Amino acid sequence: MRSVKCLLLFVLCLPVKTWATPYFEQLGWTAPDSKINELIQYPYLLENIYQRNDEQLIWFDLQQSSKLEFQLEILDRAGFSALFSNQLRYLRYYRSNNRWYEYDLLATDALLSYLSYAENAPKLGQDWYFDKKLTDKLPLPTAKTIEFVQTAIEQQHLAALIEMYTPDSQEYDQLVNTYLHLVKYANSQLPRYRQKGSRRVGDRLEQRQRLIERLAMLDIDISRVRQGIGWYDSSLTPAVMQFQRMHGLTPDGVIGPATLKWLNMSAEQRLDMLAINAERVRMWPSQRDALILVNVPSYDLKYWYLGKEQFESKVVVGRATRQTPVMSIKLDSLILNPTWNVPWTIMVKDILPKVKQDVNYLTNHNIEIIPSWGAKETIDPNTIDWSAMTPKTFPYKLRQRSGYGNALGLYKFNTPNRRAIYLHDTPSKYLFNRQSRAYSSGCIRVENADQFASLLLQNQGMNASSSVVDHKGASNQSIPLKQRIPVHIIYQTAWYEAGLVHYRDDIYRFDRTKYGKG
């Protein structure tokens, strides 16, 4: 361990410069004009590793190198970094051309990059997967990781080392297993399934066999589907309904436009989806002791307590122009009959333009004008010259009084954070009946908020009496929780649950903004 720390100190003190590779050129492993000189990320660390390995090749076991290449393939498919795409492309090129010295150097360097990525993904993954992509050079792996690398090389346990830095979760494994199943369809050019209008049991199916092939691509059980007939019979219905459940559609067995769209998604598109969502698993919490998890693309909230799921609810999330952010926050209190401090964006873009057209809008929606947050005095809207008012320079604040018409409904689940994102009830309960539920301005509206509130208090050993769930006309009240509950707002367009891999629309287009692959 001491030698590894000394090595790290030595490497960190070296000036930043282009690697001239005299060491490996002297060994006859590389040429001055080799592309390897541009690809290597950790030249000095690499030199030390090979010196300690008595200048012997490291990747002579095909199983171990295949393990590395597969992890790089997942990262390449995920599409958030040109680094891994370039490494994989050149590794395959060197291997196919029997350029084993360059292959070995690049494989070792790629291993170091992968381990550094795995170490940093829980902290930096939000930028990599949703925002800036992985554009900068990765930091050196930690001293502990470099020690593991040295040991794995000595004992030829590189595959086990890679496995150790890969997510140890059923969700990750199932996403990868589904990826492996779909790979064989990637180049098969499976024809699209076509039909006019919708199809239900009893209708003619001109392309029935093609439909069955499309269902089989997703490993849906078609063993009981009858063969050799040309209509939609009852033997096909369970497979279609399973497909619909996997994609968040109403499982009615009717093959309509939404079902048709998902049926014709290509294997290539699904592989990209599976890869990026498998990598995102590195970010999300693995413990389920006391936790609230909101998955934005599935419009779904789950609450765990003592390791068991106790509550699930539909949610409404932010629309594409006002997205619900990926973040981790903590629920610290339950607010009954909340008032609503109108956020600046909503005030300027939504409310004030309507007030300029009809000054009674504020009164009709129980909204009052106040000079500052927390102020008790209010300002009469009739004293303001609305015709001359510019929304962006409006000097006051807006606050909506509590009650059934309040935008937050009767319950606010308070999660203090600088972005003012929280969970709450809503008077617009009809929205929960829609399949796509991206309508809010960023906050999360919870169906059956009264049940959720009672359960939270009950699990905290607090009195969840009828006054909590039936407080019509009660005044605004805040109930602090004895223990704060972590709330994780995540973004998974593909995930494993109840024996199936589920897929959802990429409502914020985070999956589709792929980094250029070098």
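**View 1. Aromatic pairs, with Tyr90 and Tyr94 as an example.** In this predicted model, a search of the whole structure finds 26 aromatic pairs. Tyr90 and Tyr94 form one that is tilted, with 6.1 Å from centre to centre and 45 degrees between the planes. Both residues belong to helix 6 (residues 82-96), where they stand four residues apart, so about one helical turn separates Tyr90 from Tyr94. Tyr90 and Tyr94 are both buried. A cluster linked by ring pairs contains Phe80, Phe84, Tyr114, Tyr117, Trp128 and Tyr129.

**View 2. The rings of Tyr303 and Phe452.** The planes of Tyr303 and Phe452 stand at 70 degrees with the ring centres 5.8 Å apart, and an angle over 60 degrees counts as edge-to-face, so this pair is edge-to-face. Tyr303 has a relative accessibility of 1% and counts as buried, because buried means under 20%. Phe452 is buried too, with a relative accessible area of 0%.

**View 3. Two arginines over aromatic rings.** The charged end of Arg270 sits over the ring of Tyr503, at 4.5 Å from the ring centre. In the other example, the charged end of Arg288 sits over the ring of Trp304, and the distance to the ring centre is 4.6 Å.

View 4. Strand 1 (residues 290-295) runs antiparallel to strand 2, and six bridges join them. Within this pairing, Leu293 stands opposite Lys302 of strand 2. Four residues lie between the strands in the hairpin of strand 1 and strand 2, where Tyr299 takes a positive phi near 50 degrees. Strand 2 also pairs with strand 3 (residues 308-318), again over six bridges and in the antiparallel sense. Here Tyr303 stands opposite Phe311 of strand 3. The hairpin of strand 2 and strand 3 has two residues between the strands, and Leu306 takes a positive phi near 55 degrees. How far is strand 2 enclosed by the rest of the structure? Strand 2 is largely enclosed, because five of its six residues are buried.

**View 5. Helix 7 and its kink.** Helix 7 (residues 100-130) has 31 residues, and a straight helix would reach 45 Å at 1.5 Å a residue. The end C-alpha atoms of helix 7 are only 36 Å apart, short of that value. A kink of about 85 degrees is centred on Leu124 in helix 7.

View 6. Where does helix 15 bend by about 40 degrees? The bend is at Ile351, and Pro353 follows within four residues. The buried residues of helix 15 are Ile346, Met347, Val348, Ile351, Leu352 and Val355. These buried residues pack against strand 5 (340-341), helix 16 (361-364), strand 6 (367-370) and strand 7 (397-400).

View 7. The three strands are arranged in the order 5-7-6, and their pairing is antiparallel. Strand 5 and strand 6 stand at the edges with a single partner strand each, so one side of each has no neighbour in the sheet. Strand 6 and strand 7 run antiparallel and are joined by four bridges. Ile367 stands opposite Gln400 of strand 7.

**View 8. The surroundings of Asn277.** Asn277 is found in helix 14 (residues 267-280). Its relative accessibility is 0%, so Asn277 counts as buried. Which residues does Asn277 touch, not counting those up to four places away in sequence? They are Leu175, Tyr491, Gln492, Thr493, Ala494 and Asp511. The C-alpha atoms of Asn277 and Tyr172 are separated by 8.5 Å, although these residues are 105 residues apart along the chain.

Terms used: Residues are numbered from 1 along each chain as its sequence is written. This is a predicted model: local features need pLDDT of at least 70, side-chain atom pairs count only at pLDDT 80 or more; totals for chains, interfaces and linings use all residues. Side-chain values use heavy atoms; hydrogens and water are left out. Rings of Phe, Tyr and Trp (its six-membered ring) pair if their centres lie within 6.5 Å; planes under 30 degrees apart count as stacked, over 60 as edge-to-face and the rest as tilted. Buried means under 20% relative accessible area, exposed over 50%, partly exposed in between (1.4 Å probe, protein chains only). A charge sits over a ring if NZ of Lys or CZ of Arg is within 6 Å of the ring centre and within 35 degrees of the ring normal. Two strands pair if DSSP finds at least two bridges between them. The bend at a residue is the angle between axes fitted to the seven residues ending there and the seven starting there. Contact means heavy atoms within 4.5 Å. The expected span of a helix is 1.5 Å times one less than its number of residues.
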